[in-house]
Amino acid sequence: MIIAERKPLEEIRNMLAGYKKILVVGCGTCVTICWAGGEKEVGILSSQLRLASSKDGNELSVMEAVVERQCEKEMVLEELGDKAPGVEAILSLGCGAGVQMMAELFEEKPVLPALNTTFIGMPEKEGLWVEMCGACGDCFLDRTGGICPVVRCAKGLLNGPCGGTRKGGKCEIDPDKDCAWVLIYHRLEKQGRLNLMRKYYEPKNYRAVKRPGKVQAMQA
Amino acid sequence: MAKHFRETLKTKDFIVTAEAGPGKGSNTEKLVEHIELLKDKVDGLNVTDNQSAVMRYPSLGTCLLIKEHGGEPILQITCRDRNRLAIQADLLFAYSRGINNVLCLTGDAIDTGDHKEAKPVFDLDSVQLIHLVHTLNSGKDMAGNELEGGVDFCIGASATPSADPIEPQLMKFQKKLDAGVGFIQTQAVYDMDELKRFMENFHKMDNIDGVKILAGIVPIWGAKMARYMNENVPGIYVPQYLIDEIDQAPKETKAAKGIEMAGRLIRQIKEEKICDGVHIMAIGREERVPAILEAAGI
Amino acid sequence: MIMGGNNKIIAFCCAESAYRAADRAGRLRIHYPDNVRVIRVPCAGRVSVLHILKAFEKGAAGVLVMGCQEGACRHLTGNIRAKERVKYAEDLLKEVGINGQRVKMVNFGPDMAQRFAREIEEMVEKIKEE
């Protein structure tokens with residue numbers, strides 16, 4: 001799922017400079033799960049903003065709301081239709097898609113991102129999110145035992161590893177990070193499919209998804 | 001005029017290449033000094049390509065300088081900073097100016113360098129790059145278009161004998177051999193047993209006919225440098241006993257000790273015919289290479 | 001001091017330990033500052049990060065979260081969770097420019113009345129320092 005992280009408070013406050021009445025909106029889906037932008041985080045951020053403003057002697061009225069999925073038009077309008085008009089700016093704790101949906105629906109209001117959307121990932125353990133998928137549009141996982149070389153290899157190699165692997169199979173750029181190709185080697189070895197790693201892979205089609213991407217799906 | 005490297009590979013018993021590392025800036029004075037110093041003492045002179053992801057005067061430009069001064073350049077190309085279009089274009093230019101040798105590398109990660117916020121390219125990897133050069137050599141570009149004026153490069157690649165684990169590296173190495181290379185310059189070796197094991201593995205592999213292996217020699221000038229390299233430089237591992245040896249040398253004779261140690265390694269490789277030659281990477285101390293060669297008896 | 005000179009302390013006290021200690025302090029006539037508001041909670045783990053922030057929002061100058069000794073929590077890890085949340089709250093307060101030491105996690109047993117009083121006194125002193 002989509003992983004995001006809250007921006008530093010200072011950065012958020014700089015974005016909000018000059019506004020006296022704002023709406024802080026969380027999202028009930030991905031960012032709730034990764035503890036970045038759900039109901040609790042909306043509460044916490046709003047509290048921090050009020051405390052900070054009070055400390056500086058500034059006026060700030062903060063309204064709070066949560067939309068089930070900020071990237072769905074109907075859900076946003078249902079929850080915020082009556083709240084948005086009364087504020088000067090909207091601070092979104094949604095991922096980049098959520099921020100942009102809200103910006104489109106409330107065009108006259110500045111919609112500001114409180115989060116940095118970082119990657120598609122999963123929990124390695126509670127609270128620790130790791131990147132898994134690069135959304136490259138040309139999935140290679142059948143050939144690498146289910147380990148993505150595009151994002152989990154620091155150089156995105158299809159014919160790995162590089163010559164910089166550290167002792168013990170760690171990555172050149174980070175001694176705490178496993179070399180993805182060593183992981184792939186061990187995985188394919190377990191499955192008796194090392195022939196897949198011996199194969200030569202042609203250069204990647206980096207235009208498999210022409211950005212900005214668009215997909216028309218058929219409803220079953 | 002220097003002899004074509006391709007010819008040298010076929011005919012010479014023990015091949016020696018070295019590296020000229022460009023500096024940061026448009027001033028090529030020191031670079032030309034190094035080129036003048038080394039060009040006649042080695043069979044080929046590599047030029048690094050933004051080595052360690054530190055922005056420097058380009059490999060391509062330096063190879064031109066080497067040509068101008070009568071040396072035999074080996075152009076190092078990494079996949080980190082250029083996409084497939086830029087690489088093909090650079091190769092066309094290189095060939096048009098008499099640069100015939102190319103070393104195909106993946107490239108050190110951006111994080112190791114001084115422009116840590118730059119966008120890494122890695123449109124290709126080193127194996128794909130070797131294939132690309134072959135494609136150009138055959139008169140076509142990567143998209144299948146005919147070239148107006150072809151190229152004919154002698155292709156090299158790298159290998160890492162001290163990799164741990166070694167099996168994935170050997171699989172990658174086989175892919176490079178399958179793609180077709182004329183020479184291999186390895187990452188730094190210090191342990192002759194390790195090099196011998198690597199060569200044993202090499203001789204069991206496919207597509208090794210005519211491929212020359214040059215062992216990488218990185219001289220160490222001090223314990224601090226060796227420890228730094230162990231921590232920070234990808235693919236290099238200096239064993240403790242060598243760190244101790246250089247550490248014990250008094251300050252005034254450290255340079256001589258480093259030269260002696262490097263010379264000793266080269267001499268052993270030559271005398272025991274462990275592989276086909278050496279590639280000396282003196283990183284910033286190119287002026288000491290002639291002394292190293294002397295110490296090695298070359 | 002923030003929020004216009006208020007020096008109130010909020011003490012979230014676990015019913016199994018700190019609240020009983022507070023009670024005992026009262027019975028034994030052990031003196032402690034009177035600008036503290038004791039709030040009884042079934043477990044220190046019931047206190048959320050938002051409770052702590054809201055306390056400051058509503059004018060508290062310091063917050064204590066008082067729970068059972070580690071290993072003695074009736075709900076097993078409630079006091080551990082509380083410790084983690086207090087640490088998180090500390091960081092959040094620092095971000096706002098409020099001294100993280102104004103929130104503190106303490107652990108003690110139900111009969112430690114003197115300890116209860118001391119912790120209150122210490123927090124009062126700390127607030128005065130600024």
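Tutor: A nonpolar core is a set of buried Ala, Val, Leu, Ile, Met, Phe, Trp, Tyr and Cys residues joined through C-beta atoms within 7 Å, and a residue is buried if 20 or more other C-beta atoms, placed from the backbone, lie within 10 Å of its own. This is a predicted model, in which local features need pLDDT of at least 70 and side-chain atom pairs count only at pLDDT 80 or more, while totals for chains, interfaces and linings use all residues. Residues are numbered from 1 along each chain as its sequence is written, and chains are lettered from A in the order in which they are written.

Student: Which residues touch the most other members of the largest nonpolar core?

Tutor: They are I90(A), F12(C), V65(C) and M66(C), in a core of 85 residues. Leaving out residues up to four places away in sequence, M66(C) touches A11(C), F12(C), C13(C), C14(C), A18(C), A44(C) and V106(C). Another core, of 79 residues, lies apart from the largest one and has L9(B), V102(B), I184(B) and I259(B) among its members.

Student: In what order do the four strands of the open sheet in chain C run?

Tutor: Strands (E, at least two residues) and helices (H or I, at least four) are DSSP runs numbered from the N terminus, and two strands pair if DSSP finds at least two bridges between them. In chain C the order is β2-β1-β3-β4, with parallel pairing. Because β2 (36-41) and β4 of chain C stand at the edges with a single partner strand each, one side of each has no neighbour in the sheet. The twist from one strand to the next averages 20°. Six bridges join β1(C) and β2(C) in the parallel sense, and C13(C) has R40(C) as its bridge partner in β2(C).

Student: At what angle does α3(C) run to β4(C)?

Tutor: Axes are lines fitted to C-alpha atoms, for helices over the stretch in contact, and angles run from 0 to 180 degrees between N-to-C directions. Here α3(C) lies across β3 and β4 of chain C, at about 160° to β4(C).

Student: What covers the buried residues of α2(C)?

Tutor: The buried residues of this helix (residues 49-57) are V49(C), L50(C), I52(C), L53(C), A55(C) and F56(C). Their cover includes α3 (39-56) of chain A, together with β1 (9-14), β3 (62-67), α3 (78-96) and β4 (103-107) of chain C. Just after α2(C), G59(C) takes a positive phi of about 115°.

Student: How many residues of chain A are in contact with chain B?

Tutor: Contact requires C-beta atoms, placed from the backbone, within 7 Å; by that criterion 26 residues of chain A are in contact with 29 residues of chain B. The largest share of chain A's side, three residues, comes from α7(A).

Technical notes:
Two residues are in contact if their C-beta atoms, placed from the backbone, lie within 7 Å. A residue is buried if 20 or more other C-beta atoms lie within 10 Å of its own, exposed if 12 or fewer, and partly exposed in between; C-beta atoms are placed from the backbone.
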